[in-house]
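The sequence and the model come first.

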Amino acid sequence: MPRKPKRPCSFPGCPELTDGRYCDTHQKQVDAYYNKYERDPQTRKSYDRRWKRIRDRYISEHPLCEECQKYGRLTPAEEVHHIIPLSKGGTNADNNLMSLCKQCHSSITAREGERWARR
């Protein structure tokens with residue numbers, strides 16, 4: 001299947017072409033800004049070294065995207081998603097986690113409005 005053409009990075013003045021919204025360099029800057037200024041401080045504290053160990057263990061046990069598997073696609077998982085977000089009382093228990101590819105994780109996050117909600 002053909003891929004979409006690359007487009008310029010959305011960061012002002014950046015001429016780099018990318019598949020996403022930002023090039024790799026500016027995506028890191030945008031994520032750092034979000035984590036520092038926009039994400040709830042309590043939630044930010046929850047993503048520490050302990051979370052990384054939980055995430056690594058879960059993704060090794062569930063290496064395929066669970067959402068894609070529902071549709072018969074076999075896609076490697078890249079992210080671990082909380083079904084009930086930590087900010088809404090969710091936990092790091094296995095029954096509250098899903099392994100997802102980036103595309104599925106982005107679509108679920110956008111649908112739930114957690115990161116891009118209007119304030």
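Glu 61 and Arg 57 form a salt bridge, with their closest N and O atoms 3.3 Å apart. The model is predicted. Both residues belong to helix 3, where they sit four residues apart, about one turn of the helix. An α-helix has 3.6 residues a turn, so residues three or four places apart point the same way. Glu 61 is partly exposed, at 45% relative accessibility. Arg 57 is also partly exposed, with a relative accessible area of 33%.

Asp 94 forms a salt bridge with Arg 57, and here the closest N and O atoms are 2.9 Å apart. Asp 94 lies in the loop between strand 3 and strand 4 (97-100), while Arg 57 lies in helix 3, so this pair ties together parts 37 residues apart in sequence. Asp 94 counts as partly exposed at 35% relative accessibility.

## A pair in helix 4

The count of salt bridges comes to five. One of them joins the side chains of Lys 70 and Glu 67, at 3.5 Å from N to O. Both lie in helix 4 (residues 66-70), three residues apart, about one turn of the helix.

Are the two partners buried or exposed? Lys 70 is exposed, because its relative accessibility of 60% is over the 50% cut-off. Glu 67 is buried, because its relative accessible area of 16% is under 20%.

Helix 3 covers residues 49-61, 13 residues in total. From its first C-alpha to its last it reaches 19 Å, close to the 18 Å expected at 1.5 Å a residue.

Which residues of helix 3 are buried? They are Trp 51, Ile 54, Tyr 58 and Ile 59. These four cover an arc of only 120° around the axis, which puts them on the same side of helix 3. On the other side, Arg 49, Lys 52, Arg 53 and Ser 60 are exposed.

## His 81 in strand 3

His 81 is found in strand 3 (residues 79-82). Its relative accessibility is 7%, so His 81 counts as buried.

What does His 81 touch, leaving aside residues up to four places away in sequence? The contacts are Asn 96, Leu 97, Met 98, Leu 100, His 105, Ile 108 and Glu 112. With His 105 there is also a polar contact: the side chains of His 81 and His 105 are joined at 3.5 Å.

Conventions
Residues are numbered from 1 along each chain as its sequence is written. This is a predicted model: local features need pLDDT of at least 70, side-chain atom pairs count only at pLDDT 80 or more; totals for chains, interfaces and linings use all residues. Side-chain values use heavy atoms; hydrogens and water are left out. Helices (H or I, at least four residues) and strands (E, at least two) are DSSP runs, numbered from the N terminus. Buried means under 20% relative accessible area, exposed over 50%, partly exposed in between (1.4 Å probe, protein chains only). A polar contact is a pair of N or O atoms within 3.5 Å; within protein, one must be able to donate a hydrogen and the other to accept it, and residues adjacent in sequence count only if both atoms are side-chain atoms. Contact means heavy atoms within 4.5 Å. The expected span of a helix is 1.5 Å times one less than its number of residues. The arc is that of the directions from the helix axis to the C-beta atoms. A salt bridge is a side-chain nitrogen of Lys or Arg within 4 Å of a carboxyl oxygen of Asp or Glu.
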